[in-house]
Amino acid sequence: MSTRIVLVDTNHPGNIGAVARAMKNMGLRELCLVRPKFFPHADATARASGADDLLERARVFESLEEAIADCGLVVGTSARQRHLPWDLVEPRECAARIAQELRIGHVAVVFGSERYGLTNEELARCNWLVTIPTDDEYRSLNIAMAVQVIAYEIWLATRPGAPEPAPREVPLATAEEMTRLYEHIEQVLEEIDFRDRTGGGHLMARIRRLFNRAQLDQNEMNILRGVLTAVQSRRRPAGKSAAR
């Protein structure tokens, strides 16, 4: 199983090369790019400084959803607080949890654009939010610097000879499976005429955050899908089908 670094809406190709170099230093090999402004690019190759092979293997996607579809654990990165409160973890704690999940599933660590970071919609697809502690007077980190710090902690937690974490018995539901669950929940809420009473139209965002934080395994996700389907079967008129 692998840890993939996912860069979303990267503006400067040199940063992609610098990230590849930081990854290779720490034994990470899977780089995914979502809507990069310029790639491939000579500046990326120049900044990679010997990590050209990672650039050659890098996969490019049109959406974050595609890039993380088969990952059980998705970690977002941010230095900003959002309108919905998040349980923040620091890189060392995050790396220890990643080491456990890597034994049975793929993990993605997601970085946003240089200027804005990840959007709230993109963070809604993440299980955790990791933040790098810095001096309050100057919190700005270049994206490659941030990748280097987190990749270093992952290396410490997973390098040969590191203590092996207790394995998880059942794999986590993948991001793609969780997306189908959320679509199913939204469909059922509409069918039972459940109104959004959060006051800001954030009902589904809060539901996503609830289940992302819970980290459902595949058995638990299947149970919930079964419950939702049972609810639909009691209410749906003949001829209408359930969610996939």
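What is the volume of the largest pocket? The largest pocket has a volume of about 560 Å³, a volume being the space filled by probe spheres set on grid points joined across faces, edges and corners. A pocket here is an open set of points on a 1 Å grid over the protein atoms alone, where a 1.4 Å probe fits, with protein on both sides within 12 Å along at least five of seven lines.

This is a predicted model, in which local features need pLDDT of at least 70 and side-chain atom pairs count only at pLDDT 80 or more, while totals for chains, interfaces and linings use all residues. Residues are numbered from 1 along each chain as its sequence is written, and side-chain values use heavy atoms, without hydrogens and water.

Lining the largest pocket are 25 residues, each with an atom within 4 Å of a point. Ser 78, Ala 79, Glu 114, Gly 117 and Leu 141 lie nearest the centre of the pocket.

Glu 114 is also among the residues that Asn 15 touches, as are Thr 10, Arg 47, Asn 142 and Ile 143, not counting residues up to four places away in sequence; contact means heavy atoms within 4.5 Å.

Leaving out residues up to four places away in sequence, Thr 174 touches Ala 69, Asp 70, Cys 71, Gly 72 and Gln 218.
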